[in-house]
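Biologist: I am new to this one. Please walk me through it, and tell me what each term rests on.

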Amino acid sequence: MNSQPILKIAHLGHSYGKFPVIRDISLEVDRGSLTALIGPNGAGKTTFYNAVSGRFRPTRGQVFFDGREITGMPAHKIVSLGLLRSFQITNIFPNLTVIENVLVPLVLQHGKSCALWRRLQAEDKLYRQAEAVLDKIGILDAAGRPACELAYGDRRRVEMAIVLARQPKLVLLDEPTAGMNPEETEQMVQLIRELAEHFGTTFFLTEHDMRVVFSVAAKIFVLHQGHLLAAGSPQAIRENRRVREAYLGGSTDA
Ligand SMILES: Nc1ncnc2c1ncn2[C@@H]1O[C@H](COP(=O)(O)OP(=O)(O)O)[C@@H](O)[C@H]1O
Ligand SMILES: [Mg+2]
């Protein structure tokens with residue numbers, strides 16, 4: 001088992017113009033873990049993910065993925081190395097069936113330049129790969145239905161299937177429960193937990209809702225005004241006075 005962290009961030013900083021939004025962030029994400037980055041709105045979480053996933057080059061610092069420096073690499077290159085960001089690449093096509101939605105990026109990913117017969121063979125393999133993922137995610141029954149017919153919770157499952165079919169080493173989820181009601185949030189949390197267990201995928205998710213994070217993450221990093229304020233287990237974060245003061249406004253029951 002490779003014990004090297006899957007993601008290592010060293011002194012990452014980013015400014016939009018002159019205004020620094022994240023400053024000197026260093027952290028590591030363990031393989032096979034469920035890790036969270038939390039912080040109030042405007043703390044810099046999305047900026048951090050954009051810098052890590054290649055949306056833009058950070059103004060300072062370095063990003064190492066799976067032992068290799070990826071700072072400033074274009075996003076598609078980073079994706080091809082196995083670092084996927086959900087909700088960046090996952091636009092569901094409403095009129096395609098569920099399985100077609102999973103297949104499209106897989107087929108595109110496989111060389112368009114292949115000879116036709118090799119491509120057909122590959123497509124057959126990819127079809128089976130897509131079916132296996134839908135099965136694991138619990139929506140194989142809906143494989144042939146247009147995506148637009150699915151209930152909200154199942155559409156989120158399709159998004160996850162699209163990501164996981166590509167067998168990523170690390171998945172970044174930026175506020176996966178944004179815009180969800182409490183019931184949908186609970187379903188999403190349950191799904192993330194299942195996926196981490198069944199697929200052994202490493203997830204690094206951001207959230208502004210502390211309750212979501214406490215129930216899924218093994219390790220939590222707290223971002224506050226662009227600085228890393230604390231890191232630790234949910235228990236340690238819950239009891240951290242600085243976190244409470246800065247993030248919870250002193251409240252202890254959030
Ligand atoms: N493209 C941008 N240009 C200028 N300022 C930005 C841009 N994106 C975000 N910001 C600012 O950076 C800060 C952090 O934003 P963001 O990373 O979206 O935080 P979070 O995801 O934690 O809510 C905010 O003050 C926001 O207004
Ligand atoms: Mg954000």
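Biologist: How do the residues of the shell around ligand 1 divide into nonpolar, polar and charged?

Modeller: Three are nonpolar, six polar and one charged. Ala, Val, Leu, Ile, Met, Phe, Trp, Tyr, Cys and Pro count as nonpolar, Asp, Glu, Lys and Arg as charged, and the others, Gly among them, as polar. This is a predicted model: local features need pLDDT of at least 70, side-chain atom pairs count only at pLDDT 80 or more, and totals for chains, interfaces and linings use all residues. Residues are numbered from 1 along each chain as its sequence is written, while chains are lettered from A and ligands numbered from 1 in the order in which they are written.

Biologist: Which residues surround ligand 1?

Modeller: Among them are Tyr 16, Lys 45 and Thr 46. A residue is near a molecule if its C-beta atom, placed from the backbone, lies within 6 Å of it.

Biologist: Which helix gives the most to that shell?

Modeller: Helix H1 (residues 45-53), with three residues. Helices (H or I, at least four residues) and strands (E, at least two) are DSSP runs, numbered from the N terminus.

Biologist: Why are strand S1 (residues 7-16) and strand S2 (residues 19-29) said to pair?

Modeller: Pairing requires that DSSP finds at least two bridges between two strands. S1 and S2 have seven, in the antiparallel sense, so they pair. Leu 12 stands opposite Ile 25 in S2.

Biologist: What makes S1 and strand S4 (residues 60-65) a pair?

Modeller: Five bridges, again antiparallel. Ala 10 has Gln 62 in S4 as its bridge partner.
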